[in-house]
Amino acid sequence: MITLVDYKAGNLTSVRLAFEHLGVPVRITDDPAVVRDSDRIVFPGVGAAASAMETLRAGSLVESLRAAAARGVPFLGICLGTQIILESSEEDGGVPCVGLIRGSARRFQFDDPRIKVPQMGWNAVSLRRPHPVFEGIPDASEFYFVHSYYPDPAEPGDRLGDTEYGGFTFASVLGRGNVVATQFHPEKSGRVGLQLLTNFARWDGSC
Amino acid sequence: MLTKRIIPCLDIKNRRVTKGVKFQNNVDLGDPVAMAAGYCADGCDELVFYDITASAERRPIDIGMVSEVAKAIHIPFAVGGGISTIQDMSRVLLAGAEKISVNSLAVLKPSLIAEGARAFGRQCIVLGMDPVRAEDRVRFPSGYEVTIRGFRERTGLDALAWARQAEDLGAGEIVVNSVDADGTRQGFELALTKLIAEGVHIPVVASGGAGRPSHVVDVFREAHADAAIVAGMIHTGEYKIQTIKAALADAGIPVRRVW
């Protein structure tokens with residue numbers, strides 16, 4: 001059973017519908033005890049880091065997420081969920097975050113005004129090393145992105161996949177042990193995205 | 001590299017897809033959920049649904065249809081028509097849509113854009129605008145005036161000024177639908193698209209006038225649109241999304257491949 005963490009993230013419905021389409025049972029919860037004891041977690045997210053962290057703290061979910069991840073359960077972060085499993089975000093002058101992976105979320109900065117922020121649309125993801133969650137997905141497949149901030153992991157080894165936008169290459173996939181996290185939206189990335197979610201549902205958390 | 005998006009537009013009336021020229025003489029084209037699934041299989045990158053009678057009938061958007069679409073397709077889609085409050089927006093997003101498109105009601109109440117962006121993030125809020133060519137360059141320095149309510153009313157707003165104001169208010173994307181080109185299938189209004197695409201810092205979607213693949217090539221190459229809406233040229237079955245994408249790829253424009 002996959003636990004989908006409910007902290008009022010905008011893409012909760014889309015993630016649930018994608019798993020339902022795949023026939024994978026999903027439990028939606030905001031109960032910190034349920035999250036702590038889960039055996040597989042999807043952490044969605046859309047919107048702003050500060051208000052997301054506020055909701056997580058108010059619901060006592062931060063410690064539960066840390067405890068579950070520390071037990072080694074397969075953990076998937078999506079979009080804002082990926083940014084806030086880092087230690088901090090540059091949003092709103094700096095927001096302390098969950099800290100499952102060392103590093104920060106940073107804002108895109110482009111000198112060329114023609115490079116639009118947010119990045120919105122389909123872009124290619126190149127893997128730095130094979131990972132079970134990407135099994136059967138051709139390298140450089142395009143996934144759907146919508147974001148103004150990008151994950152900047154401190155450890156190069158945590159950088160699992162790269163994407164180029166406006167001449168700048170950022171870490172579009174993070175991977176550290178049982179934690180994998182995508183800046184893109186697999187639930188809205190058509191066939192390749194559904195393949196990733198299928199793989200995650202079967203992954204034992206090792207790599 | 002970020003690819004250019006091809007977005008089929010489905011105008012919905014009584015839960016059926018309809019198509020008219022300049023919002024008139026509408027003909028029934030089919031079931032929205034089935035058509036959406038077909039376009040996804042053919043490789044479209046996103047979809048947009050306009051409930052074209054919701055606003056005029058002063059009723060909320062058809063949420064049941066939004067839910068059905070969300071179950072059937074797993075790519076982003078936007079929904080517009082009759083969205084006048086934060087509660088309307090919330091219902092559409094909770095039903096599984098990515099984006100909310102506001103048009104006439106945003107002109108009448110610009111704070112709708114700001115409130116939506118604050119509540120759901122600016123990536124959710126799409127401003128749709130329907131500019132028409134305007135001769136009076138003093139009142140309309142861009143050469144285009146914004147119309148509302150299905151082109152029926154002029155607003156006195158300059159198209160570029162309104163686009164910039166919407167960006168400042170928090171819109172995450174702008175769909176520029178040319179009144180003059182709409183339904184003609186003679187090509188996008190390139191000058192208008194370029195003006196807005198280069199005048200704001202958020203993605204701009206060109207709309208109105210696509211009749212053949214070369215029109216889509218032109219709007220990306222010459223007008224620097226980030227995405228293009230297609231309707232009649234695919235609804236008639238004359239062209240496939242894959243045909244349009246092949247023409248774009250041949251022209252060296254990056255497009256998403258579909259496995």
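What is the order of the strands in the open sheet of four strands in chain A?

Modeller: First, the ground rules. This is a predicted model: local features need pLDDT of at least 70, side-chain atom pairs count only at pLDDT 80 or more, and totals for chains, interfaces and linings use all residues. Residues are numbered from 1 along each chain as its sequence is written, and chains are lettered from A and ligands numbered from 1 in the order in which they are written.

The order in chain A is β6-β5-β7-β11, an open sheet with mixed pairing. Its edges are β6 and β11 (149–153) of chain A. Each has a single partner strand, so one side of each is left without a neighbour in the sheet. Strands here are DSSP E runs of at least two residues, helices are H or I runs of at least four, and both are numbered from the N terminus. Two strands pair if DSSP finds at least two bridges between them.

Now the pair β5(A) and β7(A). They are parallel and share two bridges. Within that pair, A:S88 faces A:S104 of β7(A).

Follow the chain from β5 (88–89) to β6 (95–96) of chain A, and the loop between them holds A:D92. A:D92 is not a glycine, yet its phi is positive, at about 50°. In general, most residues other than glycine have a negative phi, and most peptide bonds are trans. A:D92 counts as exposed, with 11 C-beta neighbours inside 10 Å. The scale is this: 20 or more other C-beta atoms within 10 Å is buried, 12 or fewer is exposed, and anything in between is partly exposed, with C-beta atoms placed from the backbone.

A:P118 sits in the loop from β7 (103–107) to β8 (119–124) of chain A. The peptide bond between A:V117 and A:P118 is cis, with omega at about 10°.

Helix α3 (residues 49–58) of chain A buries A:A49, A:A52, A:M53 and A:L56. Down the axis of α3(A), these buried residues fall within an arc of 95°, so they line one face of the helix. The arc is taken from the directions from helix axis to C-beta atoms. The cover over the buried residues of α3(A) includes β5, β6 and β7 of chain A, along with α4 (61–70) and α5 (80–83). Contact means C-beta atoms, placed from the backbone, within 7 Å of each other. Just after α3(A), A:S60 has a positive phi of about 55°.

Chain A has a further open sheet. Its eight strands have the order β2-β1-β3-β4-β14-β13-β12-β9, again with mixed pairing. At its edges stand β2 (26–29) and β9 (126–127) of chain A; each has a single partner strand, so one side of each lacks a neighbour in the sheet. Helix α1 (residues 12–22) of chain A packs on this sheet and touches β1, β2, β3 and β4 (75–78) of chain A. The direction of α1(A) makes about 160° with that of β2(A); axes are lines fitted to C-alpha atoms, for helices over the stretch in contact, and angles run from 0 to 180 degrees between N-to-C directions. Strands β1 (residues 2–5) and β3 (residues 41–43) of chain A run parallel and are joined by two bridges. A:T3 has A:I41 of β3(A) as its bridge partner.

Then the partner chain. In chain B, 30 residues contact 32 residues of chain A. On the chain B side, α2 (63–72) and α3 (86–94) each supply at least two residues. That side divides into 15 nonpolar, seven polar and eight charged residues. Ala, Val, Leu, Ile, Met, Phe, Trp, Tyr, Cys and Pro count as nonpolar, Asp, Glu, Lys and Arg as charged, and the others, Gly among them, as polar.

Chain B also has a helix with one buried face. In α5 (residues 111–120) of chain B, the buried residues are B:L112, B:I113, B:G116 and B:F120. They fall within an arc of 100° seen down the axis of α5(B), so they line one face of the helix. Their cover includes α3, β6 (99–102), α4 (104–108), β7 (125–133) and α6 of chain B.

One covering strand, β6(B), is joined to β5 (residues 77–80) of chain B by three bridges, and the two run parallel. B:G80 has B:S101 of β6(B) as its bridge partner. From β6(B), B:K99 and B:S101 point one way, B:I100 and B:V102 the other way, and all are buried.

Key:
Contact = placed C-beta atoms within 7 Å.
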